[in-house]
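Hi,

Here is the structure I promised to pass on to you. Have a look at it first, and then read my notes below.

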Amino acid sequence: MATYIVGDLHGCFKEFQLLLDKVKYDPTQDELFLTGDLVARGEDSLSCLRFVKDPANNAKTVLGNHDLHLLSTLLGIKKVKPNDKVDAIFEAKDRADLQNWLRNQPLVIQHPTHKFLLTHAGISPEWDLPTTLACAKEAEQILQREDYANYLAQMYENHPERWHSDLQGIERWRYIINVFTRMRFCYTDKRLDFLCKSPIEEAPKELVPWFELDNPLFSNTDILFGHWASLMGKCSRPNIYALDTGCAWGSYLTMIRWEDKQIFTQMRLK
């Protein structure tokens, strides 16, 4: 049995299947995890959703910002961006089932045996492990409520920047969602920044990647994430793994086999 973790699919279903073929993935024996952002930009987001949703494929995913944005567009909160190429999802007969399944996916997964943490964007530099897991569960429960659309409608803001345990309501929920699905850079005092999307070497000097800040969790726990394609798999901490390598933008899809840390890649098809 092997445990495989794959970076952001972004609708690149053919490349995903080729990657699974390379390792001879066997869903009856192996485990498969994904870093979220199953949809948008690639050619076949619908097939990506259906594959991960199907229990026969033994796949698990966390939610990414593009997955949440898809939910917002399905609910009519936001307009679809043409370059997201998700029209087939809107026209699908199983649209409602896919929508309901997607909003019930977790924001973080802790592997029961290997104990690694999997999330889309990262983990707050102000959280320890119990806080991380509790905050994820709290936000997940909101997404699973009947009135979850009210929260999604208030999701698109960049504040609050700092974590406080006494945060309440939409401010608390938004901080949690932003950390797990949007975070890249932080200020050295651990405030979140959402304006800079530059490569690390071009970022303002007062900003640092979230994983370079001082947090014992970042040193003693294995963490896997996606979201940040410009990292191209490079991370300054040996126990933190960046798996989004920009397949949908013409680069390649990345998979890691956890047991021996071997990396497998599949170039974007032309």
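What follows is a short tour of strands, helices and cores.

Please keep in mind that this is a predicted model.

Let me start with strand S11, which spans residues 252–257. This strand is mostly covered, with 5 of its 6 residues buried. S11 has strand S1 (residues 3–6) as a partner, and the two run antiparallel, joined by 3 bridges. In that pairing, Tyr4 sits opposite Arg257 of S11. S11 also pairs with strand S12 (residues 262–267), again in the antiparallel sense, over 6 bridges. Here Tyr252 faces Met267 of S12 as its opposite residue. S11 and S12 make a hairpin that leaves 4 residues between them, and Lys261 in the turn has a positive phi of about 60°. As background for viewing the strands, side chains in a regular strand alternate between the two faces of the sheet.

Next, a helix pair. Helix H6 (residues 129–143) and helix H8 (residues 169–181) have axes that come within 10 Å and cross at roughly 110°. Angles from 65 to 115 degrees count as roughly perpendicular, so H6 is roughly perpendicular to H8. On the H6 side the contact is made by Thr132, Cys135, Ala136, Glu138, Ala139, Ile142 and Leu143, while H8 brings in Arg172, Trp173, Ile176, Ile177 and Phe180. Sorted by class, this contact of H6 with H8 has 9 nonpolar, 1 polar and 2 charged residues.

The largest one has 81 residues, and Phe16, Leu32, Trp173 and Trp210 touch the most other members. H8 supplies the largest share of this core, 7 residues. There is also a second, separate core of 11 residues, which includes Phe33, Val62, Phe116 and Leu118.

Trp210 is worth a click of its own. Neighbours within four places in sequence aside, Trp210 is in contact with a list of residues including Ala121, Gly122, Ile123, Pro125, Met183, Arg184, Phe218, Trp228 and Ile240.

Thr73 lies in helix H3 (residues 65–74). Not counting residues up to four places away in sequence, Thr73 touches Lys78, Lys79, Val80 and Phe90.

How values were computed. Residues numbered from 1 in each chain as written. Predicted model: local features only at pLDDT ≥ 70, side-chain atom pairs only at ≥ 80, totals over all residues. Heavy atoms only, no water. Buried < 20%, exposed > 50% of the residue type's maximum accessible area, 1.4 Å probe, protein only. Pairing = 2+ DSSP bridges. Axes fitted to C-alpha atoms, helices over the stretch in contact; angles between N-to-C directions. Parallel < 35°, antiparallel > 145°, perpendicular 65-115°, else oblique. Contact = heavy atoms within 4.5 Å. Nonpolar A, V, L, I, M, F, W, Y, C, P; charged D, E, K, R; others polar. Core = buried A, V, L, I, M, F, W, Y, C linked by side-chain atoms within 4.5 Å.
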